[in-house]
Amino acid sequence: MIGKMFDVPRRALAGLAGLLILAAVVVLSAMTDSTMQPLPASAPSGEFSAERAVAHLKEFATRPRPVGSPESDRARDYLAGQLRAAGLQVEVQRSVGARSAPGLATFGQVDNIVGRLPGTDPTGTVLIAAHYDSAAMGPGASDDGAAVAAMIETIRALRAGTSPRNDIVLLMSDGEEDGVLGAEAFVREHPLGREGGVLLNWEARGVSGPSLMFETSRNNARLVETFVNAVPAPRGDSSMVELYRLLPNNTDFTPLTKAGFTGMNFAYIERSSLYHTAGDSIANLHRGSLQHHGSNMLALARALGDADLRSLPADHDVTYFRALGTMITYSDRLVWPLAASAVLAVAALALLARIRRLLSLPRLLWAAASAVVPLIGSVLLAQGLWEVLVAVRPAYDAMGGLLHRPQSFQAAVAVLSGLALLGWYLPLRRRLGPAALSVGALIWPAGLGVLCARFAPGASFPFALPALLCALGGLAAVLIPAPAWARLTAAMLGPTMAATLLPSLAANTFDGMGLALGGVSALVLALFGLAVLPIVELFLPAPGAKPKRAVVLAVPLTAVVLALGLVGTGLLVDRFDADRPQRTHLAYVMNADTRTAHWVSADTDPGAWTRRYVSGHESAALPEGYARGALWTGPAPVIRADGPRVSVLARDGDTITLHVTAGKGARSTMLRIDHPITAATASAGRFGSVSVPVTGRRAGTWPAEVRFRGIPARGVQITVRVPDADRIRLTAVAETDGLSAVPGFLPRPPGLVAATREDGDLIALTRTYTLTSASPIPQRPSSGSGRIT
């Protein structure tokens, strides 16, 4: 009972035609998922123009603007002025934002810009949100300057037409990069944040690519309907929504939807190697991505601005995805029937093949069980490739898998997935038979469709639909007596659907996760390979024929040589230069108690420039509690600066209230504590006070940390609860952006940029204190560490 599922004359020619069709489908799918062409400044006033938006971007996004920086203040004033000039009611919400994570409490003084365009007969509020702060390492032209500039151009175009029915509110939030601080303050304190409404949030994780709708609030049926019908070029799919819901990442969308807003989240994610670096510049921003962002923003503002927002609530999600340029949507009520139908169709195909004596039940079970081998093998090979790349080029480690020119490496992952697949299929086809292997392989995508239907319904379609069509096509191919082209057409149904969905899913995971998690994309590609097995079988002889040894060896050797060639090509092509720079981490740390200073780098293998400053791993001389993970260090000159100051205002049992100042020029301060904390409160005078619970411990350093970004010159009041600790060691760190104030510092040459690690490119001044329960009165330290007894 070993046989082919179906056969046709001129099998090799038919197989070649099938593969060419699948390749064409993959290419066409990629082309139809592209971005938009940018419109010039001369475009009609009612349309969105990327070039008009860029004119605003040039006014505020040429330098880093982290929360609390002078550039942030300048951007705030410009943006608020533009919204006022557009006729909006504008206010700047000044507050303290807060966020907690394991062992960490983060606070920040934020200035949210809130602009309101009253509707003519409102049924609710449409909130358009993006953050105007940037990471400290780059100007943030894409993240998130492009979206902020798009908001100004959108409101201009919107006002060029009839006034919207609903209130349109623009939220340009502050402090997103430090933990969505501005959005948290908005929903906690601002009346418009507490009222709720429909949210459109805009982000970027790269500098190019289509604007993807990658996240929604739950029960999104009517939101997706509006999106599909309103925007000129809808991109994204519900598998991204489900994936993002499972990840720990968040944007302003997270606190806003937790507060009651329903909405959609958008971002472009290509060329993510420049994310959060100096390369996130206006020069590198793809104008088509900005156009796509803005065209969608304007279309949705008009559609939702004139809709009856009371009709938007729904009681279910929908699955949505693009297939050859067409957006397909269906209710989540169909997810289980489709997943179950895939399982039943695979079972029916197995039964028919058994009746036709093409397979036996034991062979089918062995085939299904063994199909896990290429799936796991492809993952291991992809992750192994990444380890090899990091070993060969350690600078890749700092990039987190988001490489400048990853295409050759991605192609190598695809080849390795194919190698894992053929390494399983070819040896077993004589023992188990092509029919058993093809049908057994379908159990895996069908099973994943069921698994996703249970835990992530919007992600079931990439697995259930190919499995269903592969099984139905296989049934038709077996049952159709003639002609041969009809059999082949039927057999192509499932592989064509797989080619439509799975390679694009693999590409998105490559863009979003990088090669460091290339095993995810490899798994998707292996599943695609399982669906294509009946077409691959057309190239092979009868199952009983013993293949020539040369042929058996040629297939894996060809794949290995091709993969090695692609890796070598990638290493040659993906070289660092001024346009695609290498990342390096460097910080200056001075103990203000002992007046000793060190350069610090977290690079695994520092390059020549970084080795000018660091030479070994001696970290014992660093301030207590400062080190986090393995570090390179080197001696540094002492600068004239006072550093942070901490004094105890009160102590009541486990609760300690401190007054903290950072010193002249410092933007942020950080307290590291040698005991876990369970709660923290920050008070900044008229900016307000906020408390957060804290659970868990920080990894790689002292167990508790409290940060305050954008600290005022007069300081802040920090209250922490430290259970069961009579004696506490506390290290205060004052952080100033940039290293130019350190004598002898030479700026990075072209081809190097600051790494994305948050403590890089900072002057960190520290003081260490001992806190005991004896007395809350502070004593100024004469030398060594401070002591508060």
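Visitor: How much space lies in the largest cavity?
Guide: This is a predicted model, and in it the largest cavity holds about 140 Å³ of space.

Visitor: How many cavities of 30 Å³ or more does the structure hold?
Guide: There are 5 cavities of 30 Å³ or more.

Visitor: Back to the largest one. Which residues lie nearest its centre?
Guide: Ser-438, Leu-442, Cys-470, Gly-474 and Pro-534 lie nearest the centre, out of 15 residues that line the largest cavity. The elements that give two or more residues to this lining are α15 (434-455), α16 (461-479) and α19 (518-536).

Visitor: Which of those gives the most?
Guide: That is α19, with 4 residues.

Visitor: And what is the lining like by class?
Guide: The lining of the largest cavity has 12 nonpolar and 3 polar residues, and no charged ones.

Visitor: What about the second largest cavity: what is its volume?
Guide: Its volume is about 100 Å³. The class make-up of its lining is 8 charged, 2 nonpolar and no polar residues.

Visitor: Which residues are they?
Guide: The lining consists of Tyr-626, Arg-628, Met-670, Arg-672, Glu-705, Arg-707, Arg-709, Glu-735, Glu-758 and Asp-759. At least two of the lining residues come from β16 (668-673), and at least two from β19 (704-709). The largest share, 3 residues, belongs to β19.

Visitor: Where does Arg-672 lie relative to Tyr-626?
Guide: Arg-672 lies over the face of Tyr-626, at 5.9 Å from the ring centre. Both residues also belong to the lining of the second largest cavity. Elsewhere, Arg-205 is placed over the face of Tyr-275, with 5.3 Å to the ring centre.

Visitor: Pockets next. How much space lies in the second largest pocket?
Guide: The second largest pocket contains about 1000 Å³ of space. Its lining has 48 residues, and those nearest its centre are Glu-270, Ser-504, Ala-507, Asn-508 and Asp-511.

Visitor: Which elements supply at least two residues of that lining?
Guide: They are α1 (11-32), β8 (318-323), α14 (407-432), α16 and α18 (493-513). The element that gives the most is α18, with 11 residues. By class, the pocket lining comprises 23 nonpolar, 16 polar and 9 charged residues.

Visitor: Changing topic: how many aromatic pairs are there?
Guide: The count comes to 16 aromatic pairs. One of them is Phe-60 with Tyr-78, a stacked pair with 6.4 Å centre to centre and 25° between the planes. Phe-60 is in helix α2 (residues 50-60) and Tyr-78 in helix α3 (residues 70-85), so this pair links distant parts of the chain, 18 residues apart.

Visitor: Why does Phe-60 count as buried?
Guide: Phe-60 counts as buried because its relative accessibility is 2%, and the cut-off is under 20%.

Visitor: Why is the pair of Trp-609 and Phe-745 edge-to-face?
Guide: The planes of Trp-609 and Phe-745 stand at 85°, so the pair is edge-to-face, with ring centres 6.0 Å apart; the cut-off for that class is over 60 degrees. Trp-609 is in the loop between β12 (596-601) and β13 (632-635), whereas Phe-745 is in the loop between β21 (727-737) and β22 (752-754), 136 residues apart.

Visitor: Are these two buried or exposed?
Guide: Both Trp-609 and Phe-745 are buried.

Visitor: Which cluster do ring pairs link them into?
Guide: Ring pairs link Tyr-588, Trp-599, Trp-609, Tyr-613 and Phe-745 into a cluster.

Key. Residues are numbered from 1 along each chain as its sequence is written. This is a predicted model: local features need pLDDT of at least 70, side-chain atom pairs count only at pLDDT 80 or more; totals for chains, interfaces and linings use all residues. Side-chain values use heavy atoms; hydrogens and water are left out. On a 1 Å grid over the protein atoms alone, a cavity is a set of points where a 1.4 Å probe fits but cannot get out, and a pocket is an open set with protein on both sides within 12 Å along at least five of seven lines; lining residues have an atom within 4 Å of a point. Grid points are joined across faces, edges and corners, and a volume is the space filled by probe spheres set on the points. Ala, Val, Leu, Ile, Met, Phe, Trp, Tyr, Cys and Pro count as nonpolar, Asp, Glu, Lys and Arg as charged, and the others, Gly among them, as polar. Rings of Phe, Tyr and Trp (its six-membered ring) pair if their centres lie within 6.5 Å; planes under 30 degrees apart count as stacked, over 60 as edge-to-face and the rest as tilted. Buried means under 20% relative accessible area, exposed over 50%, partly exposed in between (1.4 Å probe, protein chains only). A charge sits over a ring if NZ of Lys or CZ of Arg is within 6 Å of the ring centre and within 35 degrees of the ring normal.
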